[in-house]
2 protein chains.
Amino acid sequence: MKLEEAKQQFINSWGAFGTNWGINRTMAQIHALLLINPDPLTQDDMMEALNISRGNVNMNVRDLIGWGLAERVILPGERKEYFTGEKDIWKVVKQIVKERKKRELEPMLQLVDKLEQTEGDRRDRHVKAFMDTIEGIKKLGKYADKTLDTLIKAEEHWFVSNMMKMFK
Amino acid sequence: MKLEEAKQQFINSWGAFGTNWGINRTMAQIHALLLINPDPLTQDDMMEALNISRGNVNMNVRDLIGWGLAERVILPGERKEYFTGEKDIWKVVKQIVKERKKRELEPMLQLVDKLEQTEGDRRDRHVKAFMDTIEGIKKLGKYADKTLDTLIKAEEHWFVSNMMKMFK
DNA sequence: TTGAATTTTCAAATATTATTGAAAATATTA
DNA sequence: TAATATTTTCAATAATATTTGAAAATTCAA
């Protein structure tokens, strides 16, 4: 397979992959494009590579920046803005984990803390089932929170070699 | 807060949470409903609790069964079908991990195996950047695959206590 | 400053995904 | 077997999410 075809396949698959994770297709495709491009790209480059409008590129690039997955680059002497993506996949994963933890896990933990205060007699099987679920989620959620914090701070080799010990 | 209000909040939040993960709102809400209900429910119960149509319940319950998160229950003497959900959150998490690994990680690994065959001279910076990305994803993907297999097979207490050692 | 280049915004258009509801299929009981 | 209850399907509809494109805002060089 030729490079151009392979790139196209990668971009399409990364886009489809993203949609399974609640990320819009275009944002994931732009991310793919930045991952595989050695040099920074302009918004026009992305419009052309993905066949999408200026507004679409602009919004999604800014979203990617918000996720910490892309950044603006100033090239001396150039008028236009350029953008690059983090190339180290381990760092990409850590960044995504960090953001999703902040955006989703933390609000979920806040919710269960609140729902834990629900009134009612546990001898009522409905009350009990509800409270058991909430407590189960809280316990596992807090544990996930700590685990993910460890991952976010970890160096790849440290994390991998620690995990390896579990596989034996 | 009263039980009914708390249940409603939990169902709504679980639904919203699902949409961030590429899972449709109704499926996540039905799952929430099954999580917090001590007894099996009929499709009519779910229609009423969530204010949705029969067809919608039916499709989403079957999807949940496909994900291994709900199952049909036969109650002796009852004409209607009943459904329950797994209550143990650790098992729920393992089941979701197992399914997403099969549906997403494995196809992704197949893709990178294929894209690794891309022709081209690595002295070309574009070829090199592409191949580096693909190889990075492959390496981390294979590692994730093993880690998740360990998680899927693990007992909660074993897994937790192993992870604890990393936090120290 | 000015004005050309560039980026950003956002209402409207389009595309995608989810939901309904009624007909068809299936299962159950008498 | 026929009558009835229940489940399933799926075309039509509705709801949601994404994309466009042109106007407004901003930036920058002279």
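Me: How does A:Arg125 count in terms of accessibility?

Reply: Compare the relative accessible area with two cut-offs: buried is under 20%, exposed is over 50%, and partly exposed lies in between (1.4 Å probe, protein chains only). A:Arg125 has 47% relative accessibility and therefore counts as partly exposed. The model is predicted: local features need pLDDT of at least 70, side-chain atom pairs need pLDDT 80 or more, and totals for chains, interfaces and linings use all residues. Residues are numbered from 1 along each chain as written, chains are lettered from A and ligands numbered from 1 in written order, and side-chain values use heavy atoms, without hydrogens and water.

Me: Which residue forms a salt bridge with A:Arg125?

Reply: Side chains of opposite charge can pair when their charged atoms come close. The rule for a salt bridge is a side-chain nitrogen of Lys or Arg within 4 Å of a carboxyl oxygen of Asp or Glu. Here the partner of A:Arg125 is B:Asp39, with the closest N and O atoms 2.2 Å apart. B:Asp39 lies in the loop between helices H2 (25-36) and H3 (43-50) of chain B, and A:Arg125 lies in helix H6 of chain A, so this pair joins two chains. B:Asp39 is partly exposed too, at 27% relative accessible area.

Me: How many salt bridges are there over all chains?

Reply: By this rule the count over all chains is 34. One of them links A:Arg54 and A:Asp44, whose closest N and O atoms are 3.1 Å apart. A:Arg54 belongs to helix H4 of chain A and A:Asp44 to helix H3 (residues 43-50) of chain A, so the bridge ties together parts 10 residues apart in sequence. Both ends are partly exposed, A:Arg54 at 43% and A:Asp44 at 26%.

Me: Where in chain B do B:Asp145 and B:Lys101 lie?

Reply: These two form a salt bridge with closest N and O atoms 3.2 Å apart. B:Asp145 is in helix H6 (residues 125-153) of chain B and B:Lys101 in helix H5 (residues 89-115) of chain B, so the pair links distant parts of the chain, 44 residues apart. Both residues are buried, B:Asp145 with a relative accessible area of 17% and B:Lys101 at 7%. In chain A, a network of salt bridges links A:Lys101, A:Glu106, A:Asp145 and A:Asp149.

Me: What span should helix H6 of chain A have?

Reply: Helices (H or I, at least four residues) and strands (E, at least two) are DSSP runs numbered from the N terminus. The expected span of a helix is 1.5 Å times one less than its number of residues. Helix H6 of chain A (residues 125-153) has 29 residues and should span 42 Å, which agrees with the 42 Å between its end C-alpha atoms. At the start of this helix, a side-chain oxygen of A:Asp124 comes within 2.7 Å of the backbone nitrogen of A:His126.

Me: Which strand does E1 of chain A pair with?

Reply: Two strands pair if DSSP finds at least two bridges between them. In chain A, strand E1 (residues 70-73) and strand E2 are antiparallel, with four bridges. A:Val73 has A:Tyr82 of E2 as its bridge partner. Both faces of E2 (residues 82-85) are covered: A:Tyr82 and A:Thr84 are buried on one side, A:Phe83 and A:Gly85 on the other.

Me: Which residues come nearest to DNA strand C?

Reply: A residue is near a strand if one of its heavy atoms lies within 4 Å of it. Of the 17 residues around DNA strand C, the nearest are A:Asn58, A:Arg62, A:Glu81, B:Thr26 and B:Ser53. Sugar and phosphate make up 66% of the atoms of DNA strand C that come within 4 Å of the protein. Helix H4 (54-66) of chain A gives the largest share of the surface near DNA strand C, five residues.

Me: Which residues are closest to DNA strand D?

Reply: DNA strand D is surrounded by 17 residues, of which A:Asn24, A:Thr26, A:Ser53, B:Asn58 and B:Glu81 are the closest. Sugar and phosphate account for 68% of its atoms within 4 Å of the protein. A base oxygen of DNA strand D lies 3.2 Å from a side-chain N or O atom of A:Arg79. Here helix H4 of chain B gives the most to the nearby surface, with five residues.

Conventions:
Polar contact = N/O pair within 3.5 Å; in protein donor to acceptor, adjacent residues only side chain to side chain.
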